[in-house]
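Me: Hi! Could you walk me through a structure I'm about to look at?

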Protein chains: 2
Amino acid sequence: MSTNFDGPIAGVLGGMGPLAGAAFATRLTMLTDAAVDQEHIPAVLWNDPRVPDRTQARLHGGADPLPWMQNGIARLEQAGAKIIAIPCNTAHLWYDELVASAHVPVLHIIESVADDLDRRGLAPGPIGLMGTPATLKLGLYQKHLEARGYQTLVPTEQEIADFCVPAIELVKANRVAEAFEPAAACIARLQARGARAVALGCTELPLAVPHDRRAALGIPLTDSIDALALAVIDWFRAQSASGKAAA
Amino acid sequence: MSTNFDGPIAGVLGGMGPLAGAAFATRLTMLTDAAVDQEHIPAVLWNDPRVPDRTQARLHGGADPLPWMQNGIARLEQAGAKIIAIPCNTAHLWYDELVASAHVPVLHIIESVADDLDRRGLAPGPIGLMGTPATLKLGLYQKHLEARGYQTLVPTEQEIADFCVPAIELVKANRVAEAFEPAAACIARLQARGARAVALGCTELPLAVPHDRRAALGIPLTDSIDALALAVIDWFRAQSASGKAAA
């Protein structure tokens, strides 16, 4: 048995929110093809929820979350992380700054969602979008999905306030079961408007709409937690393959 | 808003197995009284599943997991952890060695379970025990619970092999739903033999017996993941109170 503590370790910048960070660690494990502990992917989760609110910072002049996110990435790198995954969509409004200060590659959650849509043959959409006010109003998903050939459908300002925000805030307050109803209402509105699939584009939303209640909604959902976890699994497989090739 | 990145951060030595480590992060979040992200407890989860199997090491001369566990604790300390929680019961067979090499306090999961039993008024037992072969055969729970005044009831060698081991191994292989039946069978045997409560004394077992199926079993369960998470929450509250008193 090797006692080489290095090797491919995935770093997860969580905490935004902490339940989403923990859920990412769970889904990374559940989506990995492994029969015993030792076949799972080594990962370290920095789950610091003190990061100032991302939407407040971007839309309302709130405190800057960037130094907190940079601190988290630095801690993950010190711990041995060879790649960074950030299970928070809104945090990707600072993606360029985070990449610039990181010393290892940083996955992009929305590119992972686009990969998931591609894999499932859902082009050219339209893809209904759900997320935080900052993610939706600043066009983060629209920019990335449209560059990949997808049309997008965005909830109205009223729908964001009535459905997306409560669903997200209820999960952050541990009131997960109550978050289903507003999330499902938004999905139904987007479907009625012609969406071919809906992106759960905030990592609280996959918790609001648990896996065992999705089939009943009658429309494909792309889950930003699962999409990012699949990207980490792909990275790990490639590392392991190249490690074996080099050995 | 403070940009002091230090303060009370909980370190979690997970990976044994990784689903249990992730579940611990989830339960730590869910059991915390918090309305927004920033009220949750900062935590870092070292979820390295490469640690050699603990039961193999202790009962069958397998590779030594101690250097891997010490490495994990050192990485957590470097990342800023001010306390260590280890959501793996069997790992506590190395508790004294881990405490000796750590520079911050290390919680003891079985003391946390005893605290949970005390809180729920379940003394003097008898408490039915479930866990890995090493945990049960080497008397880890028996020693700690009996020192706290509890009688214990241990499954037979056959019951450990037929019920505990499959339930644990199925969770580690991501076959979580299949793990319920053997776990529930063992709980029923212990109950029939006079147990007043059953300790899910391996961190895979709370996943085998999910929260929403527990009431139907008709016997109190003490969950080593939740008990340890509650100990972290108590520690965090005490830190915050003393921090405020000092400020």
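Reply: Happy to! Keep in mind that this is a predicted model.

Me: Okay, what secondary structure does chain A have?
Reply: Chain A holds eleven helices and seven strands.

Me: And why would one call the radius of gyration in agreement with a compact globule?
Reply: A compact globule of 247 residues would have a radius near 18 Å, and chain A has 18 Å, so the two agree. The C-alpha atoms fill a box of roughly 55 × 40 × 35 Å along the principal axes.

Me: How many of its residues count as buried?
Reply: Of the 247 residues in chain A, 61% are buried.

Me: What about contacts between residues 24 or more positions apart?
Reply: Such pairs make up 72% of the contacts in chain A that have a separation of 6 or more.

Me: Where do the charges sit on average?
Reply: Chain A has 20 positive and 26 negative charges, and their mean positions are 1 Å apart.

Me: New topic: how can chain A be laid on chain B?
Reply: A turn of 180° with a shift of 0.0 Å along the axis does it, with an RMSD of 0.0 Å. The two copies are therefore related as by a two-fold rotation axis.

Me: Which C-alpha in chain A is nearest the axis?
Reply: That of A:Leu45, at 2.5 Å from the axis.

Me: And which surface do the copies use to touch?
Reply: The same surface serves both: 100% of the contact residues of chain A recur in chain B.

Definitions and conventions
Residues are numbered from 1 along each chain as its sequence is written. Chains are lettered from A and ligands numbered from 1 in the order in which they are written. This is a predicted model: local features need pLDDT of at least 70, side-chain atom pairs count only at pLDDT 80 or more; totals for chains, interfaces and linings use all residues. Side-chain values use heavy atoms; hydrogens and water are left out. Helices (H or I, at least four residues) and strands (E, at least two) are DSSP runs, numbered from the N terminus. The radius of gyration is taken over C-alpha atoms; the globule rule is 2.2 Å times the number of residues to the power 0.38. Buried means under 20% relative accessible area, exposed over 50%, partly exposed in between (1.4 Å probe, protein chains only). Contact means heavy atoms within 4.5 Å. Lys and Arg count as positive and Asp and Glu as negative; His and the chain ends are not counted. The place of a charge is taken as NZ of Lys, CZ of Arg, CG of Asp or CD of Glu. Copies are superposed by least squares on the C-alpha atoms of residues with pLDDT of at least 70 in both.
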